[in-house]
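Subject: Structure handover

Hello,

Here is the structure we spoke about. Please open it alongside this note and follow along.

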Amino acid sequence: ADFPATSMTLFSPESVTALTDLLLNKTAGVGTINRVDIQLNDDPLYRAAATANVEGALTFMDWAEYQTVLANNQANIQLVGVGEGCVQPSEATIADGSYPISRPLRLLVNNTALARREVQAVLYYAASDAQYGLITAQGLVGLGFDELAGLRQSLQEAFTAAEFAVANPTPEATAEATAEATTEATPEATPAS
């Protein structure tokens, strides 16, 4: 309410990305919207500089792009809080899910695949200390470097459990087995006296 009544100039990435769809779906409940009153440029440094130098300008970018803008020492930019209570984006609010325009990343692997050595090797390698820079370079937050050892321990436990589950499958109930069990468990009719 305390912002002045200023015309908006919007700067957006030229390419339609998952980030654009996430932003629009989380805020407007719809997918891509085509606008004619928008300035398009894929370079986040350009968009940040344009936003900083044009009154009433607004842009959006992912967390990794924003870190690039910060590293470039761009002046006159301000993060905009969104959602209930105007939550500001930060590593903490993204990691704990309180920043509403974020998405959790989950990797789901079934037990059969998780029991395979090559799948285990890829997952363990991805959680190695040497790969942490790759994780952060992709703009992923919420996993601290000091948490990697615990993640690898959790992976090792999951590998062991998956190997056990694959080696000791639980038999599934079938309709035939259920019918036999029902027939055997039903008492025979007794003559009336």
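Why does T136 count as partly exposed? The reason is its relative accessibility of 37%. The scale is this: buried means under 20% relative accessible area, exposed over 50%, and partly exposed in between, with a 1.4 Å probe and protein chains only. T136 sits in helix α7 (residues 132-137). In sequence, T136 and W63 are 73 residues apart. In space, their C-alpha atoms are 9.8 Å apart.

Two notes before the rest. This is a predicted model, where local features need pLDDT of at least 70 and side-chain atom pairs count only at pLDDT 80 or more, while totals for chains, interfaces and linings use all residues. Residues are numbered from 1 along each chain as its sequence is written, and side-chain values use heavy atoms, with hydrogens and water left out.

Overall picture

The protein has nine helices and three strands. Both are DSSP runs, numbered from the N terminus: helices are H or I with at least four residues, strands are E with at least two. The pattern along the sequence is β-α-β-α-β-α-α-α-α-α-α-α. Of the 193 residues, 23% count as buried. Contact means heavy atoms within 4.5 Å. Among contacts between residues at least 6 apart in sequence, 60% join residues at least 24 apart. The accessible surface comes to about 13800 Å² (Shrake-Rupley method, 1.4 Å probe; for residues, only the protein chains shown count as cover). Carbon and sulfur atoms hold 56% of that surface.

Helix α2

Helix α2 covers residues 44-53. Its buried residues are P44, R47, A48, A50, T51 and A52. They pack against β1 (9-12), β3 (57-59) and α3 (63-71). D43 caps the N-terminal end of α2. A side-chain oxygen of D43 lies 3.0 Å from the backbone nitrogen of L45.

R47 is worth a look. R47 counts as buried because its relative accessibility is 0%. Leaving out residues up to four places away in sequence, R47 touches F11, S12, P13, N41, D42, T59, F60, M61 and E65.

Salt bridges

The structure holds four salt bridges. Each is a side-chain nitrogen of Lys or Arg within 4 Å of a carboxyl oxygen of Asp or Glu.

- E118 and R116 meet at 2.3 Å, N to O. E118 is partly exposed, with a relative accessible area of 43%. R116 is partly exposed, also with 43%.
- E163 and R117 meet at 3.5 Å, N to O. This pair links distant parts of the chain, 46 residues apart: E163 is in helix α8 (residues 148-167) and R117 in helix α6 (residues 117-126). E163 is partly exposed at 27% relative accessibility, whereas R117 is exposed at 58%.
- R152 and D129 have their closest N and O atoms 3.1 Å apart. This pair also links distant parts of the chain, 23 residues apart: R152 is in helix α8, D129 in the loop between α6 and α7. R152 counts as buried at 15%, whereas D129 is partly exposed at 40%.

Surface patch

M8, L58 and V80 make a nonpolar surface patch of about 260 Å². Patch residues have over 30% relative accessible area and no salt bridge; like charges are joined within 9 Å, nonpolar side chains (Val, Leu, Ile, Met, Phe, Trp, Tyr) within 5 Å. M8 lies in the segment before β1.

Best wishes

Technical notes:
A polar contact is a pair of N or O atoms within 3.5 Å; within protein, one must be able to donate a hydrogen and the other to accept it, and residues adjacent in sequence count only if both atoms are side-chain atoms.
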